[in-house]
Amino acid sequence: MLIKSTFQLDIEPALLQAYHIDIRNTLFFDIETTGFAAKTSQLYLIGAAFYREQDNSFCMMQWLNETGQEDAAILNEFLDFARPFSTLIHYNGDGFDIPYLKETAKKHNLHYSLSHTNSFDLYKQLRPCSKLLALSHIKQKNIEEFLGIQRKDKKSGGELITLYKTYLKHPCEDLQSLLLLHNAEDVAGLIRILPILAYPLACSGHYKVTRLSLEENTANLQLSLDYTLPKRVSCGKGNLLLTAHKKECTFHLPIYTGELKFFYPNYRDYYYLPLEDTAIHKSVAFYVDKEYRTQAKAATCYSKKSGLFLPQPEPVISPYFKLEYGDHITYFEITEEQLQDYEGMQSYANSLFHYLFHESSFTL
């Protein structure tokens with residue numbers, strides 16, 4: 001059974017275009033099944049939404065397996081309908097919906113005709129920055145709650161399976177409405193949560209460094225974001241703190257004040273002077289008595305520098321310094337030149353985002 005409806009959303013089409021989504025060629029979809037494996041369960045509902053330019057609205061299409069025997073029929077109709085679209089947007093569809101549809105098509109000897117489409121999985125987009133959102137889970141409902149999106153539907157996917165089985169035995173309009181409502185809100189939710197993409201876009205480099213300011217023992221690296229964040233967020237790791245709101249983001253970093261070591265890479269060309277605790281190149285060491293020098297090793301081939309420094313999880317700004325040779329953390333000196341080096345600061349900010357949202361064995 002095909003159900004068709006039209007609905008308005010408080011999302012401007014321009015917003016989708018800002019995220020490089022071709023709204024006229026994009027189909028949002030979600031499926032409902034009685035289990036995780038297509039071989040042992042049923043496909044009972046497919047919902048899809050697309051933009052209709054003539055009235056600046058979205059149209060919802062739903063295919064319901066009314067008898068429990070129409071898996072092939074509703075899938076075939078959906079595949080025919082979806083074929084003209086170039087992009088499919090879904091939530092964890094790469095992990096579940098698309099493999100399930102392919103397996104169901106194979107089970108019923110249908111041609112799966114959507115392999116040419118671009119797959120855009122919102123779940124995969126959000127997963128790298130889940131720590132920034134500070135959510136216990138990043139299911140679609142969690143994202144909707146984070147954004148303050150209210151649902152009429154209160155049923156879980158598991159409860160809907162029981163409801164569908166009851167519907168097959170005792171078909172009625174009330175049960176059908178509940179089944180359709182859950183799926184319709186899942187599909188509409190795919191469009192409503194699109195502003196959440198501002199977070200992974202920020203983490204992936206859609207910003208410009210605007211300032212590096214110093215106050216007491218903290219440096220503030222300020223960024224201007226290309227996309228507006230729907231909600232204020234903060235995230236920390238070790239002594240690094242990130243705060244972000246609307247189109248502004250700031251890294252709060254500890255300033256190291258004191259002495260650090262610069263390690264020369266070609267230690268075989270250096271002597272280490274134990275009394276002075278420094279290394280010098282062999283070309284200028286001829287005047288030092290042999291008893292006061294020794295062949296440098298990688299861990300002793302350094303000179304020292306005093307000043308103000310910022311930690312970096314990877315050596316993106318040179319010259320870089322360390323406390324000891326084997327340390328993961330490196331530092332760069334805060335100089336007037338560095339304060340004006342926005343290109344270098346951009347690379348530095350990229351490394352801080354990577355450090356925050358990827359596993360590492362050390363903390364700044």
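What follows is a dialogue about reading a few features of this predicted model.

Trainee: Let's start with strands. Which way do the side chains of strand 4 point?

Mentor: The general idea comes first: in a regular strand the side chains alternate between the two faces of the sheet. Now the case here: Ser-57, Cys-59, Met-61 and Trp-63 point one way from strand 4, while Phe-58, Met-60, Gln-62 and Leu-64 point the other way.

Trainee: And how many residues of strand 4 are buried?

Mentor: Eight of the eight, so strand 4 is largely enclosed by the rest of the structure. Buried here means under 20% relative accessible area.

Trainee: What does strand 4 pair with?

Mentor: Strand 3, residues 43-52, pairs with strand 4 in the antiparallel sense over eight bridges. To find your place along the pair, look for Ala-48, which stands opposite Met-61 in strand 4. The hairpin of these two strands has four residues between the strands, and Asn-56 there takes a positive phi near 50°.

Trainee: Is Asn-65 buried or exposed?

Mentor: Asn-65 counts as buried because its relative accessibility is 0%. A polar atom of the Asn-65 side chain lies 2.9 Å from the backbone nitrogen of Glu-70. If you leave out residues up to four places away in sequence, Asn-65 touches Leu-43, Tyr-44, Glu-70, Asp-71, Ile-74, Tyr-164 and Leu-168.

Trainee: Let me try another residue. Where does Thr-363 lie?

Mentor: Thr-363 lies in the segment after helix 11 (342-357). With a relative accessible area of 45%, Thr-363 is partly exposed, because that value falls between the 20% cut-off for buried and the 50% cut-off for exposed. Leaving aside neighbours within four places in sequence, Thr-363 is in contact with Lys-237, Gly-238, Ile-329 and Tyr-355. Take Ile-329: Thr-363 is 34 residues from Ile-329 in sequence, with 8.2 Å between their C-alpha atoms.

Trainee: How about hairpins elsewhere? How many residues lie between strand 7 and strand 8?

Mentor: Two, and Glu-216 in that hairpin takes a positive phi near 50°. Strand 7 (residues 207-215) and strand 8 are antiparallel, with eight bridges in the pairing. Ser-213 has Asn-220 in strand 8 as its bridge partner.

Trainee: What is the strand order in the open sheet of three strands?

Mentor: The order is 12-11-13, with antiparallel pairing. Strand 12 (278-281) and strand 13 (294-295) are at the edges with a single partner strand each, so one side of each has no neighbour in the sheet. Strand 11 (residues 270-273) is joined to strand 12 by four bridges, and Tyr-271 has Ile-280 as its bridge partner there.

Trainee: Tyr-100 sits in a helix, I think. Which residues of helix 3 are buried?

Mentor: Tyr-100 is one of them, along with Gly-93, Phe-96, Asp-97, Ile-98, Leu-101, Thr-104 and Ala-105. What covers the buried residues of helix 3 includes strand 2, strand 3, helix 2, strand 5 (87-90) and strand 6 (118-121). Helix 3 is followed by Asn-109, which has a positive phi near 55°.

How values were computed: Residues are numbered from 1 along each chain as its sequence is written. This is a predicted model: local features need pLDDT of at least 70, side-chain atom pairs count only at pLDDT 80 or more; totals for chains, interfaces and linings use all residues. Side-chain values use heavy atoms; hydrogens and water are left out. Buried means under 20% relative accessible area, exposed over 50%, partly exposed in between (1.4 Å probe, protein chains only). Contact means heavy atoms within 4.5 Å. A polar contact is a pair of N or O atoms within 3.5 Å; within protein, one must be able to donate a hydrogen and the other to accept it, and residues adjacent in sequence count only if both atoms are side-chain atoms. Two strands pair if DSSP finds at least two bridges between them.
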